[in-house]
Amino acid sequence: MGKSKLKGKDLRKINYSNNQAISLAVDIISKHYKHSLKEEQLTLLHDVKQRYTEYLDHEHWSVLAREFQPVEVLKEKSEIPLLKDSGQFHVFGRKHITSNAYQQMELAMRLPIARKGAMMPDAHQGYGLPIGGVLATENAVIPYGVGLDIGCRMSLSIYDLNSRYLQKHAYQFKTALKERTNFGTGGELGIAQEHEILDRAEFGATSLLKQLHGKAVKQLGTSGSGNHFVEFGLVSLKQDNELGLPAGEYIGLLSHSGSRGLGASIAKHYMGIAMEKCLLPKSARHLAWLDLSTEEGQEYWLSMTLAGDYAKACHDQIHYHLSKYLGIKPVVNIENHHNFAWKEKQVDGEELIVHRKGATPASEGELGIIPGSMTAPGFIVRGKGHEGALQSASHGAGRKMSRQAARESISGSAMKKLLSEHKVTLIGGGTDEAPVAYKNIEEVMKSQKELVEVIGQFLPKIVRMDKN
């Protein structure tokens, strides 16, 4: 053949069919092998095609060798079908629950991972699971089944002091709430705090947690916006209350808040991963889950657990700072949390992942606090371990109005009058949190008599919330 110029037809004879490959081959030969005989050039090009893997890092041939790599055909992610029918779930206080919340629970029970479910009487519509929804799944966790405010909780400290003490020192109690609490997005106390939670090794376990550590340091001991509150009020306890306290009246400090920016960032990050990995029909996309056998599932579980512990630490700090400022010490503390997932063994011995979004654990003998509204009592309760409720109870009265509807239903002056009639002082807060926005807590409690037993009450008197 001699040294005649290499042409495309020559390459087609050695099975070069890709025009891009032919163009690259001619270009490389003309630049680096133009002095070789055509036979040598074709032999080399044939070898590049046949043994392309050995040329992938070659100085000259790598770009051509890549043309012969098999094209990986990426399969489109197939949508995970929902079950045709919704699984059975127990509903407590159906008359208090709107149809859209009920339909959300029906949808959740059509997930192939769903095993058991329940709805509490305070249930209302939310993202993913309805708020007040309880869902047990098999080896899977749903980030929006837990919620954005991971580990949100109630914490009640009881002081051996009575209503006269609260009335006499009302100014100091108000000042304490103003100076030792902080509310809202990005809020921080602005003082140096020490707590073992900030030294936890888990903050170095993932790149996300490393990034969030600084925010956790700044926001420790603060509260969120919306329905989060810190309030002083009066506690009345019944006989045989299991708290080791005589029946009678006490002062209580009740707080409701969660894991702040730490929890919200974790929730959003892993919900994004879940929706990418777990393709569900559009109507159910917020119920996307993470398999706990996967790295992402384990990362979320570790992060969720840390956020729950952080939420508790925030309450511990709130109660510590207020008690220290006022020079009083609590004699007992009661806590319960929601927006979390637990690994729980069922009666048959099977371990399931129990999501409680706006619902709280109420196993037999377990203590908790279920708040009402600014003008309605909260209830100190003992769980009865009802299996149909997945050993759960409501986390409050539950909203019956959206925030916008509440703003449109009551004016600021009308709300002030209502609070005055109930002798409640509000610091911050808005009409979106007006008592009319909430269900009747007495009716809600009647609907869960099978779930909890009331051992005491808490009546709000001085309430602090976000100013919005």
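Visitor: In β2, what is the bridge partner of V91?

Guide: Two strands pair if DSSP finds at least two bridges between them. Here, V91 has M119 in β2 as its bridge partner. Strand β1 (residues 90-91) and β2 run parallel, joined by two bridges. Between them the chain passes through α5, making a left-handed β-α-β crossover. As for handedness, point the strands away from you: a clockwise path from the first strand over the helix to the second is right-handed.

Visitor: Before I go on, what kind of model is this?

Guide: This is a predicted model, where local features need pLDDT of at least 70, side-chain atom pairs count only at pLDDT 80 or more, and totals for chains, interfaces and linings use all residues. Residues are numbered from 1 along each chain as its sequence is written, and side-chain values use heavy atoms, with hydrogens and water left out.

Visitor: How many bridges does β2 form with β3?

Guide: Six, and the pairing with β3 (residues 131-137) is antiparallel. H124 sits opposite I131 in β3. Six residues separate the two strands of this hairpin, and G128 there has a positive phi near 70°.

Visitor: Why is β2 described as largely enclosed by the rest of the structure?

Guide: Buried means under 20% relative accessible area, exposed means over 50%, and partly exposed is in between (1.4 Å probe, protein chains only). In β2, nine of the eleven residues are buried, so the strand is largely enclosed by the rest of the structure.

Visitor: Which residues touch the most other members of the largest nonpolar core?

Guide: A nonpolar core is a set of buried Ala, Val, Leu, Ile, Met, Phe, Trp, Tyr and Cys residues joined through side-chain atoms within 4.5 Å. Among its 56 residues, those are L111, L135, I150, I266, L280 and Y300. Helix α11 supplies the largest share, eight residues. A separate core has 25 residues, including V134 and V452.

Visitor: Is H319 buried or exposed?

Guide: Buried, at a relative accessible area of 6%. H319 belongs to helix α11 (residues 295-326). A polar contact pairs N or O atoms within 3.5 Å; within protein, one must be able to donate a hydrogen and the other to accept it, and residues adjacent in sequence count only if both atoms are side-chain atoms. The side chains of H319 and S157 make one at 2.6 Å.

Notes
Helices (H or I, at least four residues) and strands (E, at least two) are DSSP runs, numbered from the N terminus.
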